[in-house]
Amino acid sequence: MTLTNDAPTAASRAASAADTTSTTASAAANAAGLTDRWRGAARPETSADWIARAGEVADILRIDALERDREGAAPHAEVALLKASGLVTLLGPAAFGGGGQTWETAYTVIRTVARGDGSIGQLLGYHYLWAWAARLVATEEQIAAVEQLYTENTLLFGGAVNPRDSDLTIVEDGDQLVFTGHKSFSTGGVVSDLTVLEGVLQGTETHIFAIVPTDQPGIVFGNDWDSLGQRLTESGSVEIRDVRVDWASAAGFVGRVFQPLVYNTLNVPTIQLVFANFYQGIAEGALQAASAYTRTNSRAWPYGGDNKQRASEEAYVLDGYGELASKLWADEALLDAVGREISEVLHAPREELTERRRGEIAVRIAAAKLRIIEDGLETATKVFELTGARASASSVGLDIFWRNLRTHSLHDPVAYKKREVGQYVLLNEVPEPSWYT
């Protein structure tokens, strides 16, 4: 999935755009001394090291997550933090300076970052998916070019691939493809360096993916993201106006003919598990923030007949936290197990994946996703009962967790996830690949 036939020119444009963005972002982040944190530090090597690095990022983000959420500014400084920490290149090949890690580690990293800020966890998760897009559908030569480009230049991906909108229209113009159209959502687009486009070749049913530099006149963001939660994901609309891509940049096409594999359809299960992991991180963040408040601020109820000195000694409070923690621990175990399963498939030879195995993994991911949605929303709601009336103050900000989780968990109806699991259990049927399964 090369960017154009003149790949060096395209790479330079993308890197130049990234430098411009990084200059602005670094200025903001360095004001708080954030991106200097790892200057001169050893690069993480093991999975545990990378997860620990993600924990450091989450700790930084947690400090002012509420203030940044309310301000709603484009997260340039936050992206600079992801880049400075190295997390952006986690899945990049070690040969190009990347972390060379697996998706199993990436899922845990997403979850960890989301504990500190759900929006930034989502941005990172979407980046990982789009950074892997070349491996999902492209040729070996295209994969190498894209991975070298984004890893060496520490570039962030965004995507204009919302399937609920009409597809972008693609028109052939000699050796070029011209993309045109509108997408209602383009998560991370405003702060991205590279954008994944998807459309249908005019007069055919042929879908084509391509990666292009974000900073160009033909990509115009609506700056209209106005949601209850996940406010810093920059998920607003985008207009694609005659964006040109060489035919050589059409991912997975050889001689203008696509070479299909079952592996191509892993994009949906992969990102569905991205969703579930940042939901888990948001829920864990809610429990962490609430328990800290209960220990330090909640007052015991003096009219219960079994009066305690501290709220943390009250039976119903202990019972409540015990129940929520038990559910989230179970959800985490399921997410880890499914993460190992899909990671093994994603890193195995692409030709080995069968339709049946793909479907079984999709069902397991559906089960994990529906569980964390229900348990996560319960957690983000019940923490108010366990912290007390004063914890509902805007200054405390416990509402951010419910708002974030409620917003994105509406991405696709959880009822259909339950049906997919039920059809597998009762009828031994696996879901057909679609934009949502």
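These legends go with a set of close-up views of a predicted model.

**View 1. The largest nonpolar core, with 89 residues, takes centre stage here.** If you want to know who has the most contacts inside this core, look for Leu87, Trp103, Val113, Tyr128, Phe157 and Phe278. As a bit of background, nonpolar side chains in soluble globular proteins tend to be buried together.

**View 2. Here we zoom in on tryptophan 103 and its contacts.** Which residues does tryptophan 103 touch, once its neighbours within four places in sequence are left aside? The list is Leu91, Tyr128, Leu129, Trp132, Thr270, Val274, Ser343, Leu346 and His347. You've already met tryptophan 103 as one of the residues with the most contacts inside the largest nonpolar core.

**View 3. Helix 5 (residues 103–116) crosses helix 9 in this one.** The two axes come within 7 Å, and the crossing angle is roughly 35°. As for handedness, this crossing is right-handed. On the helix 5 side, the contact is made by Trp103, Tyr107, Ile110, Arg111, Ala114 and Arg115. Helix 9 answers with a list that includes Pro269, Thr270, Leu273, Val274, Asn277 and Phe278. Sort the contact by class and you get nine nonpolar, five polar and three charged residues.

**View 4. Glutamate 284 sits in helix 9.** Is glutamate 284 buried or exposed? It counts as buried, because its relative accessibility is 14% and the cut-off for buried is under 20%. Its side chain makes a polar contact of 2.5 Å with the side chain of arginine 115. Not counting residues up to four places away in sequence, glutamate 284 touches Arg111, Arg115, Leu328 and Glu332.

**View 5. Asparagine 162 belongs to the loop between strand 1 (157–160) and strand 2 (168–173).** With 11% relative accessibility, asparagine 162 counts as buried. Its side chain is joined to that of aspartate 165 by a polar contact of 2.8 Å. Leave aside the neighbours within four places in sequence, and asparagine 162 is in contact with Lys183, Ser184, Phe185 and Tyr436. Leucine 386 is another story: asparagine 162 and leucine 386 are 224 residues apart in sequence and 38 Å apart in space, going from C-alpha to C-alpha.

**View 6. Glutamate 152 is part of helix 8 (residues 140–152), and threonine 154 is in the loop between helix 8 and strand 1.** Glutamate 152 counts as partly exposed, at 46% relative accessibility.

**View 7. Glutamine 230 is found in the loop between strand 6 (219–221) and strand 7 (238–246).** What is the phi of glutamine 230 near? The angle is near 45°, which is a positive value in a residue other than glycine. Glutamine 230 is buried, with a relative accessible area of 1%.

Technical notes: Residues are numbered from 1 along each chain as its sequence is written. This is a predicted model: local features need pLDDT of at least 70, side-chain atom pairs count only at pLDDT 80 or more; totals for chains, interfaces and linings use all residues. Side-chain values use heavy atoms; hydrogens and water are left out. A nonpolar core is a set of buried Ala, Val, Leu, Ile, Met, Phe, Trp, Tyr and Cys residues joined through side-chain atoms within 4.5 Å. Buried means under 20% relative accessible area, exposed over 50%, partly exposed in between (1.4 Å probe, protein chains only). Contact means heavy atoms within 4.5 Å. Axes are lines fitted to C-alpha atoms, for helices over the stretch in contact, and angles run from 0 to 180 degrees between N-to-C directions. Helices (H or I, at least four residues) and strands (E, at least two) are DSSP runs, numbered from the N terminus. A crossing is left-handed if the near helix is turned anticlockwise from the far one by less than a right angle, and right-handed if clockwise. Ala, Val, Leu, Ile, Met, Phe, Trp, Tyr, Cys and Pro count as nonpolar, Asp, Glu, Lys and Arg as charged, and the others, Gly among them, as polar. A polar contact is a pair of N or O atoms within 3.5 Å; within protein, one must be able to donate a hydrogen and the other to accept it, and residues adjacent in sequence count only if both atoms are side-chain atoms.
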